[in-house]
Amino acid sequence: MESLQRPGRRAVERDEPEIAQWIAHEWPRIKKGDVNTRVWTVFPDESGVSLLAQIRRTYTPRGRTPLLRHRPDWKRAPMAGALGYHCTDPDRGTRLCFHPKPGSYDTTGLTEVLEPMKAFCRGERVVLVCDGLSAHWSRTMRAWAADQDWLTLEHLPAGAPELNPVELLWSSLRKRELASLAGDHLADAADATEQGIHRNNHNPQLPWSLLAHTGLTIHPPHPPNIRKDQ
């Protein structure tokens, strides 16, 4: 089904057999890992949030559709999100965070996001499942990650954004907290996004449902009696 996060056209680099191979073999290896070293499986993603109200379809009579005129200086607020699942102890639940910043995310900007993650995950080991963004796999990033004894980098298959639950998180935020956003500053988008993050954190089943919609599972896929651990 076509949507903003699941477009009708697929990326040129998308390789269906490679994606199937990753789901069948790489994902079980990633989520299992070594129970003593790979504890949190974290999906990161970056997105640009418009500081103008989102354009919505209307159902007015033909020729009477209202026009939404953009300011010539409209802006986008870059944000990074990370959604982590505790693989060895389901009762630990999930962890969800976001990071806004002016300008685009390069390798330096991403390391600024990842450095606090060690404290955010209470010093436990993290396996980071990244997409193909060049900043994720630059020589500088790989060298930095190699020096972090708590962090392991893993690839998502190319052209498969539907396997990243954070993509679904952005879609949820755009439909609710960010749907009527019309701000002038990064803080306006950050405040609205933070409200959406709190909404997802207050319902411990929501982050698990985002993972379920990707088709990926972490045993058990729907842990019973999940307690909020924020």
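Me: Is helix α2 largely enclosed or open, judged by how many of its residues are buried?
Reply: The model is a predicted one. Helix α2 covers residues 107-114. Among these eight residues, six are buried, so the helix is largely enclosed by the rest of the structure.

Me: Which residues of α2 are the buried ones?
Reply: Buried here means a relative accessible area under 20%. In α2, that description applies to T107, G109, L110, T111, V113 and L114.

Me: Which residues touch the most other members of the largest nonpolar core?
Reply: This core has 31 residues. Elements that each supply at least two of its residues include α1 (16-32), β1 (40-50), β2 (76-86) and α7 (205-214). The residues that touch the most other members are W22, F43 and Y85.

Me: Which residues does a second, separate core include?
Reply: The second core is made up of 22 residues. Among them are V39, M117, W137 and A145.

Me: How are the rings of F43 and Y85 arranged, stacked or edge-to-face?
Reply: A pair of aromatic rings is described by the distance of the centres and the angle of the planes. For F43 and Y85, the centres are 6.4 Å apart and the planes stand at 80°. An angle over 60 degrees counts as edge-to-face, so the pair of F43 and Y85 is edge-to-face.

Me: What is the relative accessibility of Y85?
Reply: Beyond its neighbours within four places in sequence, Y85 is in contact with residues including W40, F43, P165, W208 and L211. Y85 also belongs to one aromatic cluster with W22, W27, F43 and W208. Y85 counts as buried, at a relative accessibility of 0%.

Me: Is T214 buried or exposed?
Reply: T214 lies in helix α7. Leaving aside neighbours within four places in sequence, T214 contacts E162, L163, N164, P165 and L168. Its relative accessible area is 9%, and the limit is under 20%, so T214 is buried.

How values were computed:
Residues are numbered from 1 along each chain as its sequence is written. This is a predicted model: local features need pLDDT of at least 70, side-chain atom pairs count only at pLDDT 80 or more; totals for chains, interfaces and linings use all residues. Side-chain values use heavy atoms; hydrogens and water are left out. Buried means under 20% relative accessible area, exposed over 50%, partly exposed in between (1.4 Å probe, protein chains only). Helices (H or I, at least four residues) and strands (E, at least two) are DSSP runs, numbered from the N terminus. A nonpolar core is a set of buried Ala, Val, Leu, Ile, Met, Phe, Trp, Tyr and Cys residues joined through side-chain atoms within 4.5 Å. Contact means heavy atoms within 4.5 Å. Rings of Phe, Tyr and Trp (its six-membered ring) pair if their centres lie within 6.5 Å; planes under 30 degrees apart count as stacked, over 60 as edge-to-face and the rest as tilted.
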